[in-house]
Amino acid sequence: TRLTWLYLEGAVVGGVVLRRNYAGVAIGCLPLTHPVRLFAVRVTQHRAFELLVMSAILANCGTMMAQRPGQPITELELRLEIADLAFLAVFTFEAGMKIIALGFAWSRASYLRDRWNCLDLLVVLLSWLSYIAEQQAEELDMGGGSSLARSALAQFRAARVLRSLRALTVIPSLRKDVESLLLSVQHVARGYAVLVVFFLFFFGVLGLYLFGGKLRFRCATIGSDGSFAYIDSDEVLCTAVDQLALLPGRQCPAGSECVDSGVNPNYNITSFDNIAIAMLTLFQCLIGEGWSDVAYATMDATSPFFATYFFVFMLFGFFIVLNLLLAIIDDVYHTLAESYDERLAMVRKQDSLCDEKAMQAEATTVGTGVLELIRRQRKGTLASEEG
């Protein structure tokens, strides 16, 4: 249809060589031959435009690092606020020019069909929302409004940090790394996730039968009213009398008993009482976060013999399963990075061809003008001779 047909890359429209595909009609009313849209195409294709946007992004990151929210407002802070608004105007101008040049959403080559452009537009909209919220917070502050409302509106200031994500769209090497990493994770997530879940489920069921309900016991003295007084920290476990084995865990000193406190370690989070919490505990161990504390607590509550359980789990989990994930991601990442480099080289080659075509078109235009001038001069000479 009229809204979805394309001008292909390399075509010459109005003296402009297209460096990418363009929608036939932008925002429902601007054909590519329209002077306003041709101006937008010239601006967005110019390398100075890309350098301007990249410089604004990097400078904006610098101003964000220099700001100190919550501190008394100084002259430097006021200047940084003005610079921040100027950067927001530059980003808004960029988005507007690209929307006029590419079209908004209907065509396959339109602005919103590129996920990086969607990120740019989202950042711009959130930045304006943050600016409006800050203005409202200042008005409430001067008008004596609710402190809760002022605080809630001031939190929108954090949306400014999203502008740093725009560096992904203008720095080719960073964009390549992020795209390759995301695609590699997407490739391995399906099969590898099943492997990790099965691994955690297997050891979780085993831990459920071996340690279920045994991490709640503490050494305590029992008062006459039946109350407990722990003789050590409530995180120090012991082996219950009815669970003593040939190689028991921690024993309570004389005058105290190993009683069921009803609470598991780490605020009742670390336990093997059900499969869900057991898998969560093992996942904590798998990433190496405090796994030794979990192992020591379990051995105190059962037997030092069960150190073999954690030894096998960490051997196959931490040193094999996780490293297998890193190896797969590294392999897929390098494969995708190589293909991305090939596509980038092809795009650069197409850009050079477009530059040559633009020079030829310009030379043809100049040559036509010269021939027309010579022809007019000849006509003038003949007319003077005839006169």
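Author: In this predicted model, a residue is called buried when its relative accessible area is under 20%, exposed when the value is over 50%, and partly exposed in between.

Reader: Why is aspartate 84 called buried?

Author: The relative accessible area of aspartate 84 is 4%, and the cut-off for buried is under 20%, so aspartate 84 counts as buried. This residue is found in helix 3, which covers residues 75–102.

Reader: Which residues does aspartate 84 touch, if residues up to four places away in sequence are not counted?

Author: With those set aside, aspartate 84 touches Asn60, Gln67, Arg160 and Arg163.

Reader: What makes serine 164 partly exposed?

Author: Serine 164 has a relative accessible area of 29%, and because this value lies between the limits of 20% and 50%, the residue is partly exposed. Serine 164 sits in the loop that runs between helix 5 (147–154) and helix 6 (167–170). Its C-alpha atom is separated by 7.9 Å from that of asparagine 60, although the two residues are 104 residues apart along the chain. Leaving aside neighbours within four places in sequence, serine 164 is in contact with Cys61 and Met64.

Reader: How do you know whether tyrosine 267 counts as buried or exposed?

Author: Tyrosine 267 has a relative accessibility of 76%, and exposed means over 50%, so tyrosine 267 counts as exposed.

Reader: Why is phenylalanine 316 called partly exposed?

Author: Its relative accessible area is 40%, and since this lies between 20% and 50%, phenylalanine 316 is partly exposed. Phenylalanine 316 lies in helix 11 (residues 307–386). Together with Phe311, Val312, Leu315, Phe319 and Ile320, Phe316 makes a nonpolar surface patch of about 570 Å².

Reader: Which residues of the largest nonpolar core touch the most other members?

Author: Of its 24 residues, these are Leu18, Tyr22, Leu32, Val41, Phe91 and Tyr111. Helix 1 (35–45), helix 2 (47–66), helix 3 and helix 4 (115–143) each supply at least two residues of this core, and helix 3 gives the most, with seven residues. A second, separate core has 23 residues, among them Tyr192, Leu200, Leu215 and Phe306.

Methods: Residues numbered from 1 in each chain as written. Predicted model: local features only at pLDDT ≥ 70, side-chain atom pairs only at ≥ 80, totals over all residues. Heavy atoms only, no water. Helix = DSSP H or I, 4+ residues; strand = E, 2+ residues; numbered from the N terminus. Buried < 20%, exposed > 50% of the residue type's maximum accessible area, 1.4 Å probe, protein only. Contact = heavy atoms within 4.5 Å. Patch = residues over 30% accessible without salt bridge, like charges linked within 9 Å, V, L, I, M, F, W, Y side chains within 5 Å. Areas by Shrake-Rupley, 256 points an atom, 1.4 Å probe, with all protein chains shown as cover. Salt bridge = Lys/Arg side-chain N within 4 Å of Asp/Glu carboxyl O. Core = buried A, V, L, I, M, F, W, Y, C linked by side-chain atoms within 4.5 Å.
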